[in-house]
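Please read them with the coordinates open.

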Amino acid sequence: MKKRYFLRTVCFALLLSLLLATPVCAASMGSQLYDSQISLAGQAQLAKGVYWSSGYNDYVTENYLLLQPGGSVAAVVGYGNDLYGAASLKTAVNVLTNRGYSVLAGLNADFFNTSTGVPVGMVMFNGEILSSESNGWETIGFKRDGSVIMGEPKITYKLTGNFGTLSINKINKEMSKSSGLTLYTKVYSTTTRASVSTYNVVMDIESGKLSVGGQLQGRVVAVGASSSPRALAEGQAVLSLAQEGSASALASLKKIAVGDVLTVSVSNSSAWGDVVYACGGSERLLRAGKNVASNSTAAPRTALGVKSNGNVVFYTVDGRQKGLSAGATLKEVAQRLLELGCVDAVNLDGGGSTTLAALLPGNAYGQLQLINSPSGGSLRSCGDYLFLVNQGQAVGGLSHLHIYPYNMLVLAGSSIPLTVKGSDANYYPVTLPGEPFLDVNPEAGVCDGGRFIAGNAAASGQINASLAEAAGSTNVRVINAPEKITVYKEGDLSKAVTALAVNGNDSVSLTARAKYQTQILQSSDNAFQWKVNGPIGSIDQNGSFTPSPYGGVGSITVSYGAKTVTINVTVAASITVVDGTVQILDGFENGSAVSAAAGITPRDNGNKAYVKYGAHSLALDYNLGGNTAVLSAPANYTLSGDDPYLDFWLYGDKSANQLTVTFATAAGAEEIVASVVNFKGWQSVAVPIPGDCYGVTAFSVRGTGKGTVYIDQLMSSSVPVMDKQGPKITVDGFSGGQLAATIQDDRSGGLDSKDIRVTVDGKAQAFNFQPAGGTLSATVAISDPYAHIISIQAADASGNLTKASHYVAASQTEDIFSDIQGHWAKPYAEYLFHQGIISGIITDAGLTYQANAPLTRAQFAVIVANWQGIDGAAYAGADMPFADKASIPDWAYNQVKAMYTLGVISGYGSGNDLKFKPNSNITRAEAMTMIGRIQERGFAETELKFSDAASVGDWALPFVKTLTAQGVISGYNNKIMPGQSITRGEIAKIIYSLL
């Protein structure tokens, strides 16, 4: 016990001294925000640093390995199954593992040809040169004692035999016309991969290897030219030369015969004679303590530095990732390595190649995990790698304890499960013989049942583990002011959840992550505050969302302190509501109980493009300015009864502002977020009415900027599902002048006769309606032999409209127009003629309709006025501001005035340039819009599925949607053709369908 207490005391004192020290400021990278270090095995450590760079106005994140040579951990060079073709880190690790190496960590090494994957510089493995250096290219060598050498070895290769002597230019490099004599072995690939014709000498290797100062001897087994790549076999070497290369070298090669003995001699370099592993770099960054790096831009970087005491730094810095790491220039990397104590350093491949992975102690070998963040989003395959390997042997027995997560940043109030793993004296994993004892200094939190429970205040500390004679510790820092919150689905951290669409019977488990200075904090979901806005369901303290089976639209708010993230939620109903009731509080047809306040102005809106039901809606014009603010429009609505929800329709302006409702309750005012307005168009909104509530006192907009939102059909409701289905009307029969029909509505508390209308050819007709059974009867007197239309229209308490018609066929036929015999528009035109809506055109051929002719805007105004029974003379004194009104024909003048006064037509342009263009053909979209402005709003709408639906303008869209849903518009060949002129035949059919 004494020993354990002493260990903890020393560790905690050391930790406090580190925490109380002045924050490190690395001039090369910026002000240090975070650092951590963990021992991988003995003299090898993994370190991380995060900085804020004012120069980049961004973070810079570094990860690096520290190695003290001479112990059980050594550096080696690795690659894939051969040198040709870049290999993944995993493949390179597997190759080394199969060769008996215990890999602790790895990072990318030399630059490589992206077309072939062949490293640019030297590759030496276990003392054998597998690929030669490139002129002017730095080489990094690792000697048998673990020390590092840097520079240009300038090793030469000679081929000797009976023919004489030749210089070998390259070992296992890409072949080209200018390559010179190149030696290939099976380590390169399965063939020489030559893309040019070559002359080749193949020899069986009998002794030696390509080592510094060594020799390789072999006997020639084949010679000759080849126009295709030469196969490479185990135990052989191929000397290859492009046939269009050096003529003298080619002549010498051709003197070699099968059976000749050849020797390849590698020059001796005393400085490199003891090197066992080597790889290339590109340029020197530090030389004898001086920064000699060239100018460059910021990028991800990999480099290797050597300290004056011989210790080695394997360095990476991430880049090209805004908000994570800006990267660094070569000079900045060199300066950072100087700050770490290096005196010599070489640049390695960077950019998307920058990679660092490590085996955390206590884990099984082969389970390396990625430490850095590659700029491409995933690991890039590389030509070769540098690895740290454990050369010690597994001895068994517990010597070290390792606590995970290590070097924790924890969100205050979180409960974090801890895992303790064990390793032997040489850091090989072992099974723990029991449960370790865990403790932590009380300022940071407590350890209980294998978990660390963080306190609520910002603090730092150390978690200690002990078992038998083994011990271990890790630092912990508690953060209570995170910078960002992100929400994910439980088990899937690949994509943040910003919106959620679920079925009413499908629960969803959400999880939150907090970030602080680029670091994701260890956290538990119950440390966050979870809240549901709107009647869409419920959510517990662990982020488990249970949606309402009724469906609805709302949001989930996840917050911690001042940080909040909102997720918009749409729930599809999983049950059908058959017993819900609603009570209209305001339909906004005759003003409203909402008044103006500073910055927000309510107004009566009669533009039916922004009306959901009836002819009017409430517009809220707001101007919040550039800073987050709230504007409230006072309201005065009394709530009575037991309805628990306030329902209304909201037309959003896609501002992402919040619309809130303030309720008057016995406990005071309570403001509830009704909707996040990140949509354009109509959405139904349902807001839970607080308990002991007796009124609605305000509508408010929270956020920034200016805009307009529209509200329609304010209701109280028994269920949080907006009624979107109109009454069902069934015409049971018409015989002997007696009309019988049934009208049913599953919701809204029944139907009222005041909301039902029966018409004959558009003219109101008396009727009798029995609400109890939903039966309707009417006596309809028809005395002429012409066709007639009997229509029934009904509205439910929510404002939904439905219409059904019974068509009475003509008892005699006649040909009114001489030009439409057999035309599809004939019955529609003749019906409108008898109703006095159209009169036809007199020509030499008699009375014609000209069904295929386009309709002018003036003609359309007259037809619509006749259809609506409007006497144009009554509007003779009305104002009409069109600049081109003098061009309106006399026969249409007063009807155009009437249509303008009633808001059916608006013209082109504005101000003094406002024009009607009476003689221009009216387009299909214009006609549908004008008809839509006449029709009462409340009929169903449908999403347009025409192939050219995207060409329908916003100003026409709501009207095209509702006419399509009513079956008035069907299109042609799956096209709506909004810009095409409407024909006289088409308008006849449309009006006929609407009567």
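The points below go from the ground rules to strands, helices, cores and one loop.

1. Ground rules. This is a predicted model, with local features needing pLDDT of at least 70, side-chain atom pairs counting only at pLDDT 80 or more, and totals for chains, interfaces and linings using all residues. Residues are numbered from 1 along each chain as its sequence is written, and side-chain values use heavy atoms, with hydrogens and water left out.

2. Strand β18. Helices (H or I, at least four residues) and strands (E, at least two) are DSSP runs, numbered from the N terminus. Strand β18 spans residues 261-266, and five of its six residues are buried. Buried means under 20% relative accessible area, exposed over 50%, and partly exposed in between (1.4 Å probe, protein chains only).

3. Partners of β18. Two strands pair if DSSP finds at least two bridges between them. Strand β11 (residues 157-161) runs antiparallel to β18, joined by four bridges. Here Leu 159 has Val 264 as its bridge partner. Strand β16 (residues 215-226) is also antiparallel to β18, with five bridges. Gln 215 faces Ser 265 across that pairing.

4. A three-stranded sheet. The order is β30-β35-β34, the sheet is open and the pairing is antiparallel. β30 (415-417) and β34 (445-448) are the edges; each has a single partner strand, so one side of each lacks a neighbour in the sheet. Neighbouring strands are turned by 20° against each other on average, direction ignored. Four bridges link β34 to strand β35 (residues 451-454). In that pairing, Asp 448 stands opposite Arg 451.

5. α8 against α9. Helix α8 (residues 924-934) packs on helix α9 (residues 957-965) at about 80°, with the axes 8 Å apart. Axes are lines fitted to C-alpha atoms, for helices over the stretch in contact, and angles run from 0 to 180 degrees between N-to-C directions. The two helices are therefore roughly perpendicular. Cut-offs: under 35 degrees is roughly parallel, over 145 roughly antiparallel, 65 to 115 roughly perpendicular and the rest oblique.

6. Residues in that contact. Contact means heavy atoms within 4.5 Å. From α8 come Met 928, Thr 929, Ile 931, Gly 932 and Arg 933; from α9, Phe 959, Val 960 and Leu 963. They divide into five nonpolar, two polar and one charged.

7. Burial of α9. Seven of the nine residues in α9 are buried, including Pro 958, Lys 961 and Thr 964. The buried residues pack against α8 and α10. Just after α9, Gly 967 has a positive phi of about 80°.

8. The cores. A nonpolar core is a set of buried Ala, Val, Leu, Ile, Met, Phe, Trp, Tyr and Cys residues joined through side-chain atoms within 4.5 Å. The largest has 59 residues; Tyr 849, Phe 860, Trp 867, Val 896, Met 899 and Ile 987 touch the most other members. Elements giving two or more residues to this core include α5 (826-834), α7 (890-901) and α10 (984-994). α6 gives the largest share, eight residues. Met 899 touches, among others, Ala 861, Val 864 and Ile 905, not counting residues up to four places away in sequence. Another core, of 56 residues, lies apart, with Ala 92 and Leu 304 among them.

9. Pro 405. This residue sits in the loop between β28 (400-404) and β29 (408-411). Pro 405 and Asn 475 are 70 residues apart in sequence and 9.7 Å apart in space, C-alpha to C-alpha. Leaving aside residues up to four places away in sequence, Pro 405 touches Ile 416, Pro 417, Leu 418, Thr 474 and Gln 522.

Conventions: Ala, Val, Leu, Ile, Met, Phe, Trp, Tyr, Cys and Pro count as nonpolar, Asp, Glu, Lys and Arg as charged, and the others, Gly among them, as polar.
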